[in-house]
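Morning, everyone. I have one model to walk through today.

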Amino acid sequence: MHKPPSGTHKSPSETTPGEVAKLLRGAGLRPTRQRVALAHLLFAGGDRHVTAETLHEEALARKVPVSLATVYNTLHQFTQAGLLREVAVEGAKTYFDTNTSNHYHFFCEHSGQLMDISTGAIRIEGLPEAPDGMVISRVDVLVRLVDKR
Ligand SMILES: [Zn+2]
């Protein structure tokens, strides 16, 4: 399991572009302008779940000139560096979570929104033994929601 570099957890409102650059360097990433701009969108507002599409729209709205492909690549680089956690919901759609701690999710099938569930709220029992030579790295739980009728 990836751990973000220590000392990166800051109160969101205090996150400045300089601190974002430091966060990137600490994760072994060169703080290019695009990375800093995207990281600032991601990490300056508290824990959030984004898709490449929603972050791209947000970037354009803030006049950050990036292509969707760049956003997509950057999200994957951040994930590999341990700054984000990938949450696979549907085959085609990947969500990126700024909260890299171990936790579960509600997924609203109508709005496409992900919401955190604290790990303490769900107990998982009877996990199978991992096959020889392997260990379980983590368990993902996605609780799907639809509107009440
Ligand atoms: Zn989450």
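Is Thr-54 buried, exposed or partly exposed? Keep that in mind while I cover the ground rules. This is a predicted model, where local features need pLDDT of at least 70, side-chain atom pairs count only at pLDDT 80 or more, and totals for chains, interfaces and linings use all residues. Residues are numbered from 1 along each chain as its sequence is written.

Now the answer. Thr-54 counts as partly exposed, because it has 15 C-beta neighbours inside 10 Å. The cut-offs: buried takes 20 or more other C-beta atoms within 10 Å of a residue's own, exposed takes 12 or fewer, and partly exposed is in between, with C-beta atoms placed from the backbone. Thr-54 sits in helix α3. Its C-alpha atom is 9.9 Å from that of Val-71, which is 17 residues away along the chain.

Next, the overall picture. The chain has four helices and six strands. Helices here are DSSP runs of H or I with at least four residues, strands are runs of E with at least two, and both are numbered from the N terminus. The order from the N terminus is α-α-β-α-α-β-β-β-β-β. There are 149 residues, and 17% count as buried. Take contacts between residues at least 6 apart in sequence: 42% of them join residues at least 24 apart. A contact means two C-beta atoms, placed from the backbone, within 7 Å.

Back to α3, residues 52–61. Which of its residues are buried? Ala-52, Leu-55, His-56 and Ala-59. They lie on the same side of α3, because they cover an arc of only 105° around the axis. That arc is taken over the directions from the helix axis to the C-beta atoms. The general rule is that an α-helix has 3.6 residues a turn, so residues three or four places apart point the same way. On the other side of α3, Glu-53 and Ala-61 are exposed. The cover over the buried residues includes α2 (33–43), β1 (49–50) and α4 (68–80). After α3 comes Lys-63, with a positive phi near 60°.

So how do α3 and α4 pack? Their axes come within 9 Å and cross at roughly 120°. Axes are lines fitted to C-alpha atoms, for helices over the stretch in contact, and angles run from 0 to 180 degrees between N-to-C directions. That makes α3 oblique to α4. On this scale, under 35 degrees is roughly parallel, over 145 roughly antiparallel, 65 to 115 roughly perpendicular, and the rest oblique. From α3, Ala-52, Leu-55, His-56 and Ala-59 meet Leu-68, Val-71, Tyr-72 and Leu-75 of α4. By class, that is seven nonpolar, one polar and no charged. Nonpolar covers Ala, Val, Leu, Ile, Met, Phe, Trp, Tyr, Cys and Pro; charged covers Asp, Glu, Lys and Arg; the others, Gly among them, are polar.

Now α2 against α4. The angle is about 75°, with the axes 11 Å apart. These two helices are therefore roughly perpendicular. Gln-34, Arg-35 and Leu-38 of α2 contact Thr-70, Val-71 and Thr-74 of α4. This contact divides into two nonpolar, three polar and one charged.

Last stop, Thr-51. It is in the loop between β1 and α3. Thr-51 is partly exposed, because 19 other C-beta atoms lie within 10 Å. Leu-75 is 24 residues away in sequence and 8.8 Å away in space, C-alpha to C-alpha. Leaving out residues up to four places away in sequence, Thr-51 touches Lys-93, Thr-94 and Tyr-95.
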